[in-house]
Amino acid sequence: MAPRNLLNLETVSKAYGHDPVLDAVSLGVQVGDRIGVVGRNGGGKSTLLHVMAGNIEPDSGRVTRTGGTRVGVLTQAADLHPDQTIRNFIAGDRDAYEWLSQARARDCFTALLGGFDDERLDRTLGQLSGGERRRVELAALVLDDIDLMILDEPTNHLDIEAVAWLAGYLRSQRSLALVVVTHDRWFLDEVSDRTWEVVNGNVEEYDGGYSAFVLAKAERARQASAEQARRNNLIRKELAWLRRGAPARTTKPKFRVDAANELIAAEPPPRDSVELLAFAGSRLGNVVFELEDINLRFGSRDIFRQLSWNVGPGDRIALVGVNGAGKTTLLKVVLKQLEPDSGDVIIGKTVKPAYLSQHLAELNPRWRVLEAIEQVAHRVELGKGNELTASQLAERLGFDSDGQWTPVGDLSGGQRRRLQLARLLMDGPNVLILDEPTNDFDVETLTALEDLLDSFGGTIIVVSHDRYFLERVTDQVYALTGDGLVRHLPRGIEEYLEIRQASDHVALVNTGSGAISGDSAAAATSGPALSSADLRAVRKQLSKLEKAIVAADKQEALLHQQLSEFASDFAKCAELNAELAAVLERKNDAETEWMVVAEQLEGSQ
């Protein structure tokens with residue numbers, strides 16, 4: 001008996017202005033289909049999902065659903081009522097015992113929301129951050145009774161542990177049809193068995209998940225000749241890593257092994273580790289960062305306790321941990337942007353760090369992209385014999401020849417982040433510290449970034465929830481497990497997830513019941529929980545700091561505008577520059593304090 005069709009698109013077209021995003025697209029979704037959607041940012045992935053969900057009407061063509069098909073949708077811009085509680089949003093008027101008696105509901109709340117205690121569930125949506133609201137929406141969708149789930153970037157704001165739980169849950173629901181857009185390639189490989197690539201208004205179909213897509217794409221590119229030789233080389237290089245790199249993938253390959261081996265027979269390893277290590281040593285010497293007996297306490301919670309950690313030349317380190325464990329705080333301590341209560345932080349004399357934070361730097365909106373990069377430098381050497389011009393680096397990070405002349409003020413959030421990364425790299429650093437570098441990057445840009453980092457002759461420290469990216473660009477994994485220390489994990493992410501599962505089991509035993517309470521889960525990972533009064537005080541402080549940062553941003557933008565207006569008045573420019581330096585210092589202090597307070601709040605929830 002053939003699977004039942006749930007949804008069909010028949011010659012669907014959609015255009016914005018003169019550019020068709022979807023051009024006479026026809027496709028269908030059947031019961032049990034698992035479809036991953038990939039493509040460049042702005043290429044039409046989200047539009048395709050919105051058309052399928054009925055949120056956007058196509059210009060032509062038809063979208064049909066089989067009668068009775070129940071569809072659940074997670075979009076990137078949901079309109080939620082701020083006064084609605086988490087409990088009511090997810091469960092409606094049902095009594096708590098009706099849904100909390102289900103193991104699926106308890107697991108879902110623990111994995112996505114950190115627990116299901118009354119204080120947590122009675123918070124209103126207006127009190128939540130954007131990431132918290134996203135988790136609540138996802139939990140509601142998981143617990144709903146639906147036939148087809150349409151997800152747009154579901155792993156945004158999820159940590160590695162929550163992403164692993166969600167992948168496992170979706171794999172277990174075999175009758176549920178799934179269509180998912182995400183830049184998280186590990187997640188795509190775990191949950192999808194078909195891939196749609198949205199490109200040039202069309203949707204090209206491939207069998208298998210992301211790994212199979214990479215192979216098929218490389219095969220098609222090889223057969224089609226060398227018209228896109230550079231892009232083809234990137235795909236082959238990534239395929240070589242897929243086959244040689246992560247042991248978890250080689251145990252259950254999802255593509256034809258013989259064809260893959262033939263395709264990559266002459267492909268060298270992604271990076272020459274010996275040569276890069278020697279080059280890093282010549283640039284950095286023997287000392288990069290040394291932390292000795294670091295203690296840092298905030299309120300009643302120990303963030304770090306007698307922490308000692310050494311980072312050497314050429315190290316490529318992934319830093320993982322639950323939200324609130326102190327990852328961003330550790331980066332700021334390493335860079336001496338935050339002073340610990342006690343202990344020593346030693347930075348090597350030749351260290352020239354570049355820090356990509358989660359906050360975007362303000363740039364002159366009138367600058368063009370290329371101009372903003374060339375303000376830093378015109379050429380940069382990233383590794384031995386690897387020199388790039390500003391234009392070449394911009395192209396590697398997704399700005400084509402036309403895009404390089406786009407005004408900074410017209411860039412999206414993801415494009416601004418790419419520009420921020422390009423400016424950091426152009427400064428010729430020998431240490432890269434990247435805090436969530438993959439946010440808002442499409443798969444092609446991520447592949448190009450990974451290739452760029454392969455040739456970087458220095459030390460790299462990365463904080464990211466993108467498991468694929470971490471496994472691809474780093475060689476060592478260190479974890480902050482909530483006890484104030486940093487642990488080296490020789491077996492990488494898999495070992496980290498085993499540790500987390502073990503800590504959850506301890507919390508389960510300690511409760512003496514069949515479910516982890518919110519308080520015990522927090523105690524197992526994040527130290528003592530804050531009282532209600534302390535939580536209110538922390539949230540008030542966080543709100544105060546956010547207002548101070550917004551005010552500083554506005555003042556900074558005004559000063560930049562005035563500097564442009566008085567460019568020919570040397571005395572006035574000097575006065576404005578002094579005022580700008582003071583504003584930036586206040587802003588930096590406020591952002592540093594915000595990071596500490598925010599991590600304390602996350603760790604207590």
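Trainee: How many cavities of 30 Å³ or more does the count come to?

Mentor: Six. A cavity here is a set of points, on a 1 Å grid over the protein atoms alone, where a 1.4 Å probe fits but cannot get out. This is a predicted model: local features need pLDDT of at least 70, side-chain atom pairs count only at pLDDT 80 or more, and totals for chains, interfaces and linings use all residues. Residues are numbered from 1 along each chain as its sequence is written, and side-chain values use heavy atoms, with hydrogens and water left out.

Trainee: What volume does the largest cavity have?

Mentor: About 50 Å³, taken as the space filled by probe spheres set on the points, which are joined across faces, edges and corners.

Trainee: And which residues line it?

Mentor: Val 37, Val 38, Gly 39, Asn 41, Lys 45, Glu 153, Thr 182, His 183, Phe 441, Asp 442 and Val 443 line the largest cavity. Each lining residue has an atom within 4 Å of a point.

Trainee: New topic. How many of the residues in strand 7 are buried?

Mentor: Five of five, across residues 177-181. Buried means under 20% relative accessible area with a 1.4 Å probe, protein chains only. Strands (E, at least two residues) and helices (H or I, at least four) are DSSP runs, numbered from the N terminus.

Trainee: Which way do the strand 7 side chains point?

Mentor: Ala 177, Val 179 and Val 181 go one way, and Leu 178 and Val 180 the other.

Trainee: Which strand does strand 6 pair with over five bridges?

Mentor: Strand 7, in the parallel sense. Pairing takes at least two DSSP bridges. Asp 152 stands opposite Val 181 there. From strand 6, the chain crosses through helix 7 (residues 160-172) to strand 7, in a right-handed β-α-β crossover. Right-handed means the path over the helix runs clockwise from the first strand to the second, with the strands pointing away from the viewer. Strand 3 (residues 34-38) also runs parallel to strand 7, with four bridges.

Trainee: What is Ile 433 in contact with?

Mentor: Leaving aside neighbours within four places in sequence, its partners include Phe 289, Leu 331, Tyr 355 and Ile 461. Contact means heavy atoms within 4.5 Å.

How values were computed:
Buried < 20%, exposed > 50% of the residue type's maximum accessible area, 1.4 Å probe, protein only. 1 Å grid on protein atoms, 1.4 Å probe; cavity = no way out; pocket = protein on both sides within 12 Å on 5 of 7 lines; lining within 4 Å.
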